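Subject: Structure handover

Hello,

Here is the structure I promised to pass on. My notes follow below it.

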Amino acid sequence: MIMKIYYLLTIIPALLMVYTAYEIFEFRFRKYVHYKLDLGLGIRACLITDLHNKSFTKRDLRLLAAEKPDCFFMAGDLLISKEKDYKRGLEAVRQLCALAPVYFSLGNHELKYRKYYSDQWEAFIKALPGNCYVLDNSHRKLGEGAEIFGISLRLEHYKKGKLYDMSKEDTDVFKDIPAGKKKILLAHDPDFYEYYDRVLDADLIVSGHLHGGFVRLPFIGGLVFSRYGVKHRVKGIYAGKHLVSSGAGEHLMPLRVFNRCEIDIIDL
Ligand SMILES: [Fe+2]
């Protein structure tokens, strides 16, 4: 009996570790999730979130190019807030910009990075290619029929524990919103979906941040979250217009169980 418990306590965690390593390293960018939305734009976008200061291998780039994206949406956490050296994140943007324009919004890691390494942040922004568009509470044209927006939130919104009360927050974030166009919002943290709906009547919202819940179980979904008081939107499409990616990377602890890194291909 004792031997059986011993085996259970050692072999099961060991198998889980091997499987996690397999998911993270062997299949890092092989999982492409395809979505078809009916916006009538004729645009194929590729969503990459939570890359966390990693660049792409030649194989990754071959697979990305084969999807023939018209543009990339990078919805935050391209960098790691505590890694002063941004070179791999910058290299990733350059690699993508060689394929198609990149629309990049800020996540909590960029907000922290900008606060603590302001000189490096400025250098990073200056070094971005001309067809990388940073959407920091701003918007710009996307093709003929759409406008793309990026919301940045503030660092205090990302506090762990109870969900930050956004009821008194400014909803006048975006100025001069053009009428008669489809609106796409890059919003890193999916938990604030009620706030996003008050800020902008978007046709599509894309988010990441929660890494799919880190550990996923069949029929249950993601398990690990840092907040309560919210019905999490973790992975997939919600309310017919909010797409949440489980993200393309990880940092600190490379924990992903039954939850591969993913890149999302969206036909708009
Ligand atoms: Fe994040």
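Start at one residue pair: Lys36 stands opposite Asp267 in β16. Please keep in mind that this is a predicted model.

The Lys36 pair belongs to a parallel pairing. β1 and β16 (residues 263-267) run in the parallel sense and share five bridges. Both strands sit in an open sheet of six strands. Its order is β1-β16-β2-β3-β4-β5, and the pairing is mixed. The edges are β1 (32-36) and β5 (132-135), and each of these pairs on one side only. On average, neighbouring strands in this sheet are turned by 20 degrees against each other, direction ignored.

**The whole protein**

Now step back. The protein has six helices and 16 strands. Of its 268 residues, 38% are buried. Take the contacts with a separation of 6 or more: 73% of them join residues 24 or more positions apart.

β10 has parallel partners. β9 (residues 182-187) runs parallel to β10 and is joined to it by three bridges. Within that pairing, Leu186 has Val206 as its bridge partner. To get from β9 to β10, the chain passes through helix α6 (residues 193-199). This β-α-β crossover is right-handed. β15 (residues 242-244) also pairs with β10 in the parallel sense, over three bridges. There Val206 stands opposite Leu243, and Ser207 has Val244 as its bridge partner.

As a reminder, strands of a sheet pair through backbone hydrogen bonds, either parallel or antiparallel.

**The core**

The largest nonpolar core holds 56 residues. Which members touch the most others? They are Leu47, Phe72, Phe73, Tyr103, Leu185, Leu186 and Tyr196. Strand β3 (residues 71-75) gives the most to this core, with five residues.

Leave out residues up to four places away in sequence, and Leu186 touches Phe73, Ala75, Tyr103, Ser105, Leu135, Phe149, Gly150 and Val206. Val206 is also the bridge partner of Leu186.

**A buried helix stretch**

Next, helix α4 (residues 108-116). Its buried residues are His109, Glu110, Leu111, Tyr113 and Arg114. The buried residues of α4 pack against α5 (118-127).

**Loops to check**

Two loop residues have a positive phi. Most residues other than glycine have a negative phi, and most peptide bonds are trans.

- Asn137 has a phi near 50 degrees and is not a glycine. Asn137 lies in the loop between β5 and β6 (138-142). Asn137 counts as partly exposed because it has 16 C-beta neighbours inside 10 Å.
- Asp176 is not a glycine either, yet its phi is positive, at about 50 degrees. Asp176 lies in the loop between β8 (161-162) and β9. Why does Asp176 count as exposed? It has 6 C-beta neighbours inside 10 Å, and the cut-off for exposed is 12 or fewer.

Asp172 is also in the loop between β8 and β9. Asp172 is exposed, because 6 other C-beta atoms lie within 10 Å. Asp172 and Val199 are 27 residues apart in sequence. In space they are 6.6 Å apart, C-alpha to C-alpha.

Best wishes

Key. Residues are numbered from 1 along each chain as its sequence is written. This is a predicted model: local features need pLDDT of at least 70, side-chain atom pairs count only at pLDDT 80 or more; totals for chains, interfaces and linings use all residues. Helices (H or I, at least four residues) and strands (E, at least two) are DSSP runs, numbered from the N terminus. A residue is buried if 20 or more other C-beta atoms lie within 10 Å of its own, exposed if 12 or fewer, and partly exposed in between; C-beta atoms are placed from the backbone. Two residues are in contact if their C-beta atoms, placed from the backbone, lie within 7 Å. Two strands pair if DSSP finds at least two bridges between them. Axes are lines fitted to C-alpha atoms, for helices over the stretch in contact, and angles run from 0 to 180 degrees between N-to-C directions. A crossover is right-handed if, with the strands pointing away from the viewer, the path from the first strand over the helix to the second runs clockwise. A nonpolar core is a set of buried Ala, Val, Leu, Ile, Met, Phe, Trp, Tyr and Cys residues joined through C-beta atoms within 7 Å.
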